[in-house]
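Let's take a friendly walk through a protein model together. Have the sequence and the 3D view open, and look up each residue as it comes along.

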Amino acid sequence: MDTVKLLSLLKTCIVSKSLVKGKLIHQKIITLGLHNNIALCKDLISFYFSCNLHRSADLVFKTIHNPQDISLWNGLLAAYAKNFMFFEALVLFQRLWKYPYLKPNTFTYPSLLKACGGFGSVGYGKMIHTHLLKVGFLSDVVVASSLVGMYAKCNMFEHATRLFEEMPERDVACWNTVISCYYQYGKAEKALELFAKMRDAGFEPNSVTLTVVISSCARLIDLERGKEIHRELVKKGLVLDGFLGSALVDMYGKCGCIEMAREVFEQIPEKSVVTWNAMIAGYSSIGNSKSCVELFKRMNMEGIKPSLTTLSSILVACSISAQLHYGKSIHGYMVRNMIETDTFVNNSLIDLYFKCGNVHSAENIFKMMPTKDLVSWNVMISGYVSVGQCFGALGIHENMIKAGVNPDAVTFTSVLAACSQLAALEKGKEIHNSITESKLERNEVVMGALLDMYAKCGAVDEAFKIFSKLPQRDLLSWTSMITAYGSHGEALHALKLFGKMQESSVNPDGVTFLAVLSACSHGGLVDEGCFYFKQMTGEHGIKPQLEHYSCLIDLLGRAGRLHEAYEILQSTPEIREDVELLSTLFSACRLHRCLELGEKIAELLIEKDPNASSTYIILSNMYASAKKWNNVRKVRLMMKELGLKKNPGCSWIEVDQKIQPFFVEDKSHPQAKIMYDCLSSLNNYIEKDDMMAALESSIVEGVV
C-alpha cells in the first residue's frame, strides 16, 4: 500500500472521526516503516486531534526520529491553539528552538500569538513582537493581524490599536479585532466610526464584524443605526446565524422595540441558549414576566437547557412586575432540578421576594447563601426599607459591618433612608462619619440621602450645611431642603429657598410644589399656599395630585376656612369622595368645633368605610366638646356593636445608637418589668404633685 493511498484513507477518517479505522491505518503505517513520513505524521496528528485524543497526537510527534520539517511543527502548534491547549503550544515553541536548522515562518507565528493571547502571556507576546520586527515578518498581514489579536486578548487595547494604525496592509480579521477592542473598552461610538472606515476602505464585513457593530448600537441605544445595518443584511440575503441573530434581538430589545426583537428571534433557524437569553432579557427589561415564562417553557420543550442568565432574567422580570406566582415557579424549577445557583441568581430571588412582600422567604434565601457579596447585603438592606422594616435594615447593616464587608454608595443610601424613616439622628450621624471615612462626600446621590436624613430628623442646620457643600444642586436636593424648612416650622425660609430655586436653572416638579404647599400649611400661610397652588397649575402646567389637594385642604382647614375647603372637594369630581381628604377636613372640623359640617363629613366617611374606628372616635370627641352626651353614647354603642377598637400607638427612642420600639401595653421588651416599675413610680409622683397643687389652690381660694 503506497503513501498516497494511506493519506487518502486517513483524510476520510479525519472527516468521519472513525477511531477504529484510523488506528488500523496507524498500525499499518508502523508495519510498513513509514512512521517518520512527514505527510503521514501530519495527518495522523490531525486525525487524533479530531477524535480529541491529544496525548496520542503528541506521541506521534515525539516518535518521529528527526522532525526537521517546519510544517510539521506548525501543524501541531495550530492544533494546540485551536483546541485551547495554549500552555502546550508555548512549550512546543520552546522545543523548536533546540533545532537551529529549523526556522519558524509566517505560518508559525499566528498560532503562537493566539496561544500567548489565550494564556494571557503578554510578556512573552512582547518578546515575539520584538523578534517579528527583527526578522521583518510584520509585513505579513496575517502575522500582524494575529499580533493585534494577541494584544487585544491580553487587554492591551492601546497597543492593539496603535499597531493597527501602523499596519501598511490590513485584513478583515484585524479590522474585527480592533472594532472589538473599542467595544470591550467601552467605546462603542468609536467602534462604529471604525466600522464606517472599514467599509470606506473597501472591506466587506463578515458576521463577526456585524455582531460587534450591532452590539455597539445596543450599548448606545442607537436604534436608527441598528435598523440601517439590519436592512443591509436583509438586502444582501445574509442568513442569520446564532451570534448575529442574538445581537439583533438584543439590540431591538434594549432599544425598546420588543415586537421587532421577537420577529427577528422567530426568523433564526437554530436558536442557541444565547439567542433565547437575548429574547427573554428583552421582555425582562419591560417587566413582562408572562412572556418570559412562556419562552422559558417553550425553550425547555425544544430541548434547550436554560443557563443561570436565563433564570436571573426571568426573576428580574417577576420582580419588576411583582408577579410572585411566576417567580415561585422558577424558584421551584431550580429546586426540583437541583440547579446550583450563583450569587446573582440568589440576589435576584431576594429582590423578588421583597418586592412581593414575602420577607420571610427573602430572609431564608439570604441565610442559605454559601457566599454573600456586597450586592447581597445591599439587596437585603434596601428590601427591608422598601417594606417599611427599618429596624431590620439597620440590623442587617450592623451584621454586614461585623462580617467585614465594606459598604458602598448604595449601602449608605439605603441605610440613610432607614434612619430618615425612623428619625434616628444619632445613627444617621454615625453613618455620616462612615461616609467621610469612605471618601464618598463627592457622591451626589449619597449626599442627597444624607441631606434628606438630617432634614427628616429635624436637624435643619446640619441639612443646610450639606446642601451648601453640594457641588451641584439637583431637583432632589432643592426639594429636600425646602421640605426640611417647611416641616420644621420655618415656612418663610422654605419659600425664600424656593424663590432661589426658581432663579436657578432647576425647574420645580410636583414634589417640589408639594413641599412648598406643605410649608405654607405648617406655617399658616393660607394666601401664599393658594398662590403657589395656582402657580403650579397655571404657570408650570402641573396637574394637581391627591397629595397637593391634601395640602390645600389641610391649609384651609387649619385656618378655619372649612366651607371653602369643602367647596373645593365638592367641585372637583376626582377627589370628591376621597376618604383621606375627607378625613383631613373632618379633623379640621373637630379643631374648629364645626359640628354641623363635621356630622355631614362623618356620614360620608362611615358610608365609605364603616370599620374605620378613627371616624367614630373623632365624632364622639366632637359631641363631647359640644356636651351632647346622648350622641356620645350612641357613637360609643355603635363602636361596641361593630367590635371596633382604637389601634395601639407605637413609639421609639434611640439610646446608645440603638432603636428601642414600644407599643401600648407592650411587655415584649427584655427590660419591660423595670420600665413598668419606673412608670408606676413616676405616676405616683405625678399624682402626689397633682394633689399638692389642688390642695394649695383650695387653701389660696379659702384665704381669698
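A search of the whole structure turns up 23 aromatic pairs. Here, rings of Phe, Tyr and Trp (its six-membered ring) pair if their centres lie within 6.5 Å; planes under 30 degrees apart count as stacked, over 60 as edge-to-face and the rest as tilted. Phe-84 and Phe-86 make an edge-to-face pair, with 6.0 Å from centre to centre and 85° between the planes. Phe-84 is exposed, at 63% relative accessible area, whereas Phe-86 is buried, at 14%. Those words have cut-offs: buried means under 20% relative accessible area, exposed over 50%, and partly exposed in between (1.4 Å probe, protein chains only). Ring pairs also link Phe-93, Trp-97, Tyr-109 and Phe-137 into a cluster.

A word on the model itself: it is predicted, so local features need pLDDT of at least 70 and side-chain atom pairs count only at pLDDT 80 or more, while totals for chains, interfaces and linings use all residues. Residues are numbered from 1 along each chain as its sequence is written, and side-chain values use heavy atoms, with hydrogens and water left out.

**Salt bridges**

Side chains of opposite charge can pair when their charged atoms come close. A salt bridge here is a side-chain nitrogen of Lys or Arg within 4 Å of a carboxyl oxygen of Asp or Glu. The whole structure holds 19 salt bridges, including these:

| Pair | N to O distance |
|---|---|
| Glu-232 and Arg-199 | 2.4 Å |
| Arg-225 and Asp-222 | 2.6 Å |
| Lys-465 and Glu-462 | 3.6 Å |

The salt bridge between Glu-232 and Arg-199 links distant parts of the chain: Glu-232 is in helix 14 and Arg-199 in helix 12 (residues 188-200), 33 residues apart. Helices (H or I, at least four residues) are DSSP runs, numbered from the N terminus. How far apart in helical turns are Lys-465 and Glu-462? They are separated by about one helical turn, because they sit 3 residues apart in helix 28 (residues 460-469). Salt bridges that share partners also join Arg-262, Glu-266, Arg-298 and Glu-302 into one network.

**Positive phi values**

Most residues other than glycine have a negative phi, and most peptide bonds are trans. Asn-52 is not a glycine, yet has a positive phi of about 60°. Look for Asn-52 in the loop between helix 3 (38-50) and helix 4 (54-62), where Asn-52 is exposed at 54% relative accessibility. Ile-221 also has a positive phi, near 50°, and lies in the loop between helix 13 (207-220) and helix 14 (223-236).

**A nonpolar patch**

Which residues form a nonpolar patch on the surface? They are Tyr-676, Leu-679, Leu-682 and Ile-686, with about 370 Å² of accessible area together. Accessible areas come from the Shrake-Rupley method with a 1.4 Å probe; for residues, only the protein chains shown count as cover. Patches are made of residues with over 30% relative accessible area and no salt bridge: like charges are joined within 9 Å, nonpolar side chains (Val, Leu, Ile, Met, Phe, Trp, Tyr) within 5 Å. Leu-679 belongs to helix 39 (residues 672-703) and is exposed, at 51%.

Methods
Helix = DSSP H or I, 4+ residues; strand = E, 2+ residues; numbered from the N terminus.
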